[in-house]
Amino acid sequence: MGIIGSTIKPFNATAFQAGKDFFDVTDEDVKGKWAVFFFYPADFTFVCPTELEDLGEQYNMLQKMDVEVYAVSTDTHFSHKAWHDTSEKIGKLNFPFLGDQNHVLARNFDVLREGAGLADRATFVVDPDGVIQIMEQTCEGVGRNANELARKIKAAQYVRANPGQVCPAAWEEGGDTLAPSLDLVGKI
């Protein structure tokens with residue numbers, strides 16, 4: 001797939017966000033801070049509200065980490081508003097929902113199920129330079145874990161802020177990191 005390390009492609013999408021009017025979001029709007037593009041198949045479905053609610057529980061912390069979250073499906077911004085207004089779980093969420101009815105974002109991130117018109121269940125973490133640092137993609141029946149996403153973002157932010165350091169498996173903020181060198185080869 002080769003998407004890690006690539007720069008996000010140009011896009012323009014209309015967003016719905018609780019307490020705001022509809023507004024446009026472009027690739028230029030996401031530069032300068034960390035961003036999560038959280039693709040899901042469709043509004044008014046089954047696994048999607050559970051994982052979006054889970055992500056919503058991390059939203060305030062992610063905002064404090066200078067991370068914006070964009071929920072994305074191939075539904076319209078009108079559908080996102082209707083779902084927000086009628087679902088108890090979705091009605092609690094404060095991050096923007098991007099309408100991608102023209103499939104620009106789903107194609108840009110290579111998650112469109114051609115023929116079905118739906119996005120796969122996929123997450124992308126984009127750094128302040130617009131470069132994709134993390135991606136996760138699962139089958140439709142498997143929801144994601146927002147705690148693990150937050151952990152990965154903390155690790156990516158640490159690595160960016162500390163060149164020459166890497167975060168080992170299951171690294172948690174404040175844990176030991178590694179400085180790769182020939183001295184470590186075969187000793188870990």
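1. How many nonpolar, polar and charged residues does the lining of the largest pocket have? The lining has 7 nonpolar, 1 polar and 3 charged residues, where Ala, Val, Leu, Ile, Met, Phe, Trp, Tyr, Cys and Pro count as nonpolar, Asp, Glu, Lys and Arg as charged, and the others, Gly among them, as polar.

2. On provenance, this is a predicted model, in which local features need pLDDT of at least 70 and side-chain atom pairs count only at pLDDT 80 or more, while totals for chains, interfaces and linings use all residues. Residues are numbered from 1 along each chain as its sequence is written, and side-chain values use heavy atoms, with hydrogens and water left out.

3. The largest pocket has a volume of about 190 Å³, and its lining includes Trp 34, Gln 133, Arg 151, Lys 152 and Cys 167. The elements that give two or more residues to this lining are β9 (132–138) and α7 (146–161), and α7 gives the most, with 6 residues. Helices (H or I, at least four residues) and strands (E, at least two) are DSSP runs, numbered from the N terminus. A pocket is an open set of points on a 1 Å grid over the protein atoms alone, with protein on both sides within 12 Å along at least five of seven lines, whereas a cavity is a set of points where a 1.4 Å probe fits but cannot get out; lining residues have an atom within 4 Å of a point.

4. The structure holds 1 cavity of 30 Å³ or more, and the largest cavity has a volume of about 50 Å³, a volume being the space filled by probe spheres set on the points, which are joined across faces, edges and corners. Among the residues that line the largest cavity are Phe 38, Glu 51, Asp 54 and Arg 144; α2 gives the most to this lining, with 3 residues. Arg 144 also lies over the face of Phe 38, at 3.7 Å from the ring centre (CZ of Arg or NZ of Lys within 6 Å of the ring centre and within 35 degrees of the ring normal).

5. A search of the whole structure finds 14 aromatic pairs (ring centres of Phe, Tyr and Trp, the last by its six-membered ring, within 6.5 Å; planes under 30 degrees apart stacked, over 60 edge-to-face, the rest tilted). Phe 22 and Phe 78 form an edge-to-face pair, 5.2 Å centre to centre with 85 degrees between the planes.
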